[in-house]
Amino acid sequence: LPVFALPRCGTIRPLDELDRNHRDPDPRGLVKLYEPPKKNAKYVMGIDVAGGIIGWDSARRTSTDLETDNSAIEIIRVGNGRDIADLQVAEYAAPIQAEDVVEIAVLLGRLYCGNSEYGEALCIIETNPGPGLLTHQNMVQDHSYTNMWRWEQLGSIAPTLAYSYGWSSNKSTLHYLWSRFSRHVVKKLLRIKSPHLQQEMNNLQVDPVKTFPQPSGQGGHDDRVRAMATAIWAAHGWALGEERPEPEKITGSDKPRNWQASDCSFEQMKDEWEEAFQRMLND
């Protein structure tokens, strides 16, 4: 698969063989594609935006850059939430600013459009708090990227769509996000390809004050994890309710019978109804 370097906003170059063989341990500024786009697949893109460094360039990075939060993009091919896991297909992370994320996100979102009628992957951005609203507005207004996730009101029994877009983080929503994401991972419904995302997850530690685990040690990051968690949330339409279980298939004698097309008598029909009712009680 092609690997791209984006040292500056708007600059895209394929890595040459020397870059590939060197295997730079610092992945920042590189777009990693783990699977080619598929026409019949459903894709979701999660974006976690950081304050970033003005004019950051991977060619002129320093050791102090490693402590700066990254703006991260994660794209998944969506599974069914039961026996087909979500698959991580692309990743980007770098300490760049909110508006510098835009062109990269638009490129990847349209590359992994899949079967979307918009020609774009569904995009969810953390717009509050933080500078993510700038990313959202720029994608929509300057690049006509319209397949944006719409916020769901979680304060009612039946979640409803709000008039605002993007993920809004607070104590309650982060608690829901981590609870659902961690359960999804434990159930092996996410296939992770990036060792850097896996490392971030391994370095997280539970903080009794925070509702979303924090990176352990100085200079740790959770940007990729937050981007991935929101992508999975948007992919499966999670709200307060539990995931919808797969409907049980009715087989054998439990299949509904077409009585009008049968030749049984009224007495036989009553007997069969009684037997079916007793089976339901026993189950």
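1. A residue is called buried when its relative accessible area is under 20%, exposed when over 50%, and partly exposed in between. In this predicted model, 42% of the 283 residues of the protein count as buried.

2. Overall make-up. Seven helices and 13 strands are found in the protein. Taking contacts between residues at least 6 apart in sequence, 70% join residues at least 24 apart.

3. Aromatic pairs. A pair of aromatic rings is described by the distance of the centres and the angle of the planes. The structure holds four such pairs. One of them is W149 with W167: the ring centres are 6.2 Å apart and the planes stand at 35°, so this pair is tilted.

4. Where does the pair of W149 and W167 lie? W149 is in the loop between α3 (132-143) and β8 (150-153), while W167 is in strand β10 (residues 167-168); the pair therefore ties together parts that are 18 residues apart in sequence. Both tryptophans, W149 and W167, are buried.

5. W167 also pairs with W233. Here the centres are 5.2 Å apart and the planes are at 70°, so the arrangement is edge-to-face. W233 belongs to helix α6 (residues 223-236) and W167 to strand β10, so the pair ties together parts 66 residues apart in sequence.

6. Are W167 and W233 buried or exposed? W167 has a relative accessibility of 1% and counts as buried. W233 is also at 1% relative accessibility and likewise counts as buried. Together, W149, W167 and W233 form one aromatic cluster.

7. Cysteines. A disulfide is a covalent bond between the sulfur atoms of two cysteines. How many disulfides does the model contain? With a cut-off of 2.5 Å between the sulfur atoms, the count comes to zero.

Terms used:
Residues numbered from 1 in each chain as written. Predicted model: local features only at pLDDT ≥ 70, side-chain atom pairs only at ≥ 80, totals over all residues. Heavy atoms only, no water. Phe/Tyr/Trp six-rings, centres within 6.5 Å; stacked < 30°, edge-to-face > 60°. Helix = DSSP H or I, 4+ residues; strand = E, 2+ residues; numbered from the N terminus. Buried < 20%, exposed > 50% of the residue type's maximum accessible area, 1.4 Å probe, protein only. Contact = heavy atoms within 4.5 Å.
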